[in-house]
Amino acid sequence: MAEHNDDFDHVSGKTTTGHEWDGIKELNTPLPRWWIITFYATIVWAIGYWIVYPAWPMLWSNTPGILHYSSRGQVAAELADLEKIRGEKMVALGATSLADIEKDPSLLALARARGKTVFGDNCAPCHGSGGAGAKGFPNLNDDDWLWGGTLDQIMQTIQFGVRSGHAKAHEGSMLAFGKEGILKTDEIVTVANYVRSLSGLATSPGFDAAKGQKIFADNCVACHGEGGKGNQEVGAPNLTDKIWLYGSDEQTIVETLTYGRGGVMPAWVNRFDPTTIKSLAVYVHSLGGGQ
């Protein structure tokens, strides 16, 4: 490498930096003035931003900036403004009965909108974003309800939950007939096939219908009724339809009879205000399966 000062490149007509590598000369081409001005302007802008807005982290907090701006604070202010706008309507919603809300188009629309938001944030993880449910979590779109599907019944379930530990929660669970030694394995298989037959499902070869009916009458009628239609007073499902919370195959029903079932729904009475619970009840009722 050779170095030359104030060398002139005759091809480009420009001076070089004096540096040359293997015959290749480095031209002395200054940056455009506009680029330099822009570059220094960004530095000035950055310094100004540090001063005006929160920017530098500190040990426990951060520099607040002259404007004391906070995106969280802005969102809180916007939500507060929104609540002021909704204020009168929300007061009216809280003071109106569930039945009358469904008769008032404006209150009904407000309740559904509020309920949909709350449902998406709190209920969708179990029941699905559209309320279609999943294994062990009821479908809220059909008309098959364990504890009742009227507006008042839905609100009571939302308020106090199911086996949630609240004093007013729905109680009652499926007995573990096998685990508790109430029924033998062959009896469980027989009554499982009988239960399948109630909704028109195929049974295993050699199934003894009379024996299955007797086992059912001796052990299951108290909750599910003689015809297996269920009982919403104790949360016993209807066994004659084709809606199954855990599955309708023989193995799943045998598992249910052997070990029992007892899903839990939390109580929301201490988490939501009364108006929010009312809105949620209206929204769930409007999904399509409300009675």
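Predicted model: local features only at pLDDT ≥ 70, side-chain atom pairs only at ≥ 80, totals over all residues.
Biologist: How many salt bridges does the structure hold?
Modeller: A salt bridge here is a side-chain nitrogen of Lys or Arg within 4 Å of a carboxyl oxygen of Asp or Glu. By that rule, the number of salt bridges in the structure is four.

Biologist: Which helices does the salt bridge of Asp186 and Lys211 link?
Modeller: The side chains of Asp186 and Lys211 meet at 3.5 Å, N to O. The two residues are 25 apart, so this pair links distant parts of the chain: Asp186 in residues 185-198 and Lys211 in residues 209-219. Helices are DSSP runs (H or I, at least four residues), and strands are E runs of at least two, numbered from the N terminus. The helices linked are α7 and α8.

Biologist: Are Asp186 and Lys211 buried, exposed or partly exposed?
Modeller: Asp186 has a relative accessible area of 43%, so Asp186 is partly exposed. Lys211 has 34%, and Lys211 too counts as partly exposed.

Biologist: Where do Lys214 and Asp218 lie?
Modeller: Their side chains form a salt bridge at 2.8 Å, N to O. Lys214 is exposed at 53%, and Asp218 is exposed at 53%. The two are four residues apart, about one turn of the helix, and both lie in α8.

Biologist: At what angle do the axes of α7 and α8 cross?
Modeller: Axes are lines fitted to C-alpha atoms, for helices over the stretch in contact, and angles run from 0 to 180 degrees between N-to-C directions. Under 35 degrees counts as roughly parallel, over 145 as roughly antiparallel, 65 to 115 as roughly perpendicular and the rest as oblique. The axes of α7 and α8 come within 8 Å. They cross at roughly 95 degrees, which means α7 is roughly perpendicular to α8.

Biologist: How many nonpolar residues does the contact of α7 with α8 have?
Modeller: Contact means heavy atoms within 4.5 Å. Ala, Val, Leu, Ile, Met, Phe, Trp, Tyr, Cys and Pro count as nonpolar, Asp, Glu, Lys and Arg as charged, and the others, Gly among them, as polar. The α7 side includes Val191, Tyr194 and Leu198, and the α8 side includes Ile215 and Phe216. Beside three polar and three charged residues, the nonpolar count is seven.

Biologist: Which residues of α10 are buried?
Modeller: Helix α10 spans residues 250-259. What covers its buried residues includes α7. The buried residues are Thr252, Ile253, Val254, Thr256, Leu257 and Thr258.

Biologist: How far apart are the axes of α7 and α10?
Modeller: The packing angle is about 120 degrees, so α7 and α10 are oblique to each other. Among the residues that meet are Ile188 and Val189 of α7, with Ile253 and Leu257 of α10. The distance between the axes is 9 Å.

Biologist: What phi does His68 take?
Modeller: Most residues other than glycine have a negative phi. His68 lies in the loop between α1 (33-52) and α2. His68 is exposed because its relative accessible area is 56%. Though not a glycine, His68 has a positive phi of about 55 degrees.

Biologist: Where is Arg163 found?
Modeller: Arg163 is a residue other than glycine with a positive phi, near 50 degrees. At 24% relative accessibility, Arg163 counts as partly exposed. Arg163 sits in the loop between α6 (151-160) and α7.

Note on methods: Residues numbered from 1 in each chain as written. Heavy atoms only, no water. Buried < 20%, exposed > 50% of the residue type's maximum accessible area, 1.4 Å probe, protein only.
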